[in-house]
Amino acid sequence: MRGFEKLLMSNKNLILDDRLYSYLSSVSVREAEILGSLREETSRHPMGIMQIAPEQGQFMAMLVKLMGAKKTIEVGVFTGYSSLAIALALPEDGKIVACDVNEEYTAIARRYWEKAGVSHKIDLHLVPAIITLETLIAKGQTASFDFAFIDADKSNYDNYYELCLQLIRPGGLIAIDNVLWSGKVADPEIQDNRTKKIRNLNEKIHRDDRVDVSLVPIADGLTLAMKK
Ligand code: CA
């Protein structure tokens with residue numbers, strides 16, 4: 001960490017309190033009506049907290065458009081907010097290989113994909129994501145995907161990262177969610193398994209010469225790793 005104390009003194013980072021967050025949303029978020037309805041329905045779900053923030057969906061949709069991405073992967077679908085945001089940003093012949101194991105949550109996702117008219121872009125695989133990703137590799141799809149979003153069980157984050165890195169083309173992007181983990185990663189007292197897994201992956205990617213990296217402090221922290 002040497003040298004970073006100086007950085008702390010020279011760079012002031014904003015804390016987004018509720019008022020500033022509302023302001024940011026009011027001048028930036030352009031959420032499609034269908035995404036708003038899904039967010040609303042998911043927020044009433046007991047696990048609704050797992051849904052990504054609207055500004056994050058919008059940010060990733062912009063990345064996908066900027067890259068001209070067509071072939072994408074999503075590890076962890078939940079009720080489908082991020083896949084819907086990305087599917088809406090993809091061209092007509094764009095695809096998402098969507099990985100999840102939960103039938104109940106993804107039934108909500110499917111309903112909204114249908115409603116939005118994007119279900120033809122999304123192939124949902126209801127088996128452990130590792131199996132889906134390994135199958136894609138076995139089928140010769142290595143280095144053929146443009147973009148991957150990882151937002152699933154934290155204990156497998158490193159496995160997902162390694163498999164996605166094989167599947168992504170050079171210049172392709174892997175986005176990894178929850179890398180700031182409500183701040184727990186920065187607290188050395190916190191040593192539970194999931195926090196350690198995220199912390200280890202953050203440190204590994206920082207040193208990883210195979211990618212260019214940027215950790216964006218949006219929502220719960222989003223790492224962008226671009227394959228060299
Ligand atoms: Ca997440």
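Start by selecting Met 60, Leu 84, Trp 113 and Phe 147: they have the most contacts inside the largest nonpolar core, which has 33 residues. A nonpolar core here is a set of buried Ala, Val, Leu, Ile, Met, Phe, Trp, Tyr and Cys residues joined through side-chain atoms within 4.5 Å, and buried means under 20% relative accessible area (1.4 Å probe, protein chains only).

Before you click on, note that this is a predicted model: local features need pLDDT of at least 70, side-chain atom pairs count only at pLDDT 80 or more, and totals for chains, interfaces and linings use all residues. Residues are numbered from 1 along each chain as its sequence is written, and side-chain values use heavy atoms, with hydrogens and water left out.

Now colour the elements that give this core two or more residues, including helix H3 (33–43), helix H4 (54–67), strand S2 (95–99) and strand S7 (222–227). Helices (H or I, at least four residues) and strands (E, at least two) are DSSP runs, numbered from the N terminus. H5 is the top contributor, with six residues.

Zoom in on Trp 113. Leaving aside residues up to four places away in sequence, Trp 113 touches Val 77, Gly 80, Ser 83, Leu 84, Ala 98, Val 118, Ser 119, Ile 122 and Leu 124 (contact: heavy atoms within 4.5 Å). Apart from this core lies another, of 27 residues; Ala 129, Leu 136, Cys 164 and Leu 165 are among them.

Asp 151 sits in the loop between S4 (145–150) and H8 (157–167), and Asn 178 in the loop between S5 (168–177) and H9 (193–207), so the pair ties together parts 27 residues apart in sequence. Asp 151 is buried, at 14% relative accessible area, and Asn 178 is buried at 13%.

On to the rings. A search of the whole structure finds one aromatic pair. Select Phe 78 and Tyr 105: their ring centres are 4.9 Å apart and their planes at 80°, so the pair is edge-to-face (centres within 6.5 Å; planes under 30 degrees apart count as stacked, over 60 as edge-to-face and the rest as tilted). Both Phe 78 and Tyr 105 are buried.

Terms used
Buried < 20%, exposed > 50% of the residue type's maximum accessible area, 1.4 Å probe, protein only. Phe/Tyr/Trp six-rings, centres within 6.5 Å; stacked < 30°, edge-to-face > 60°.
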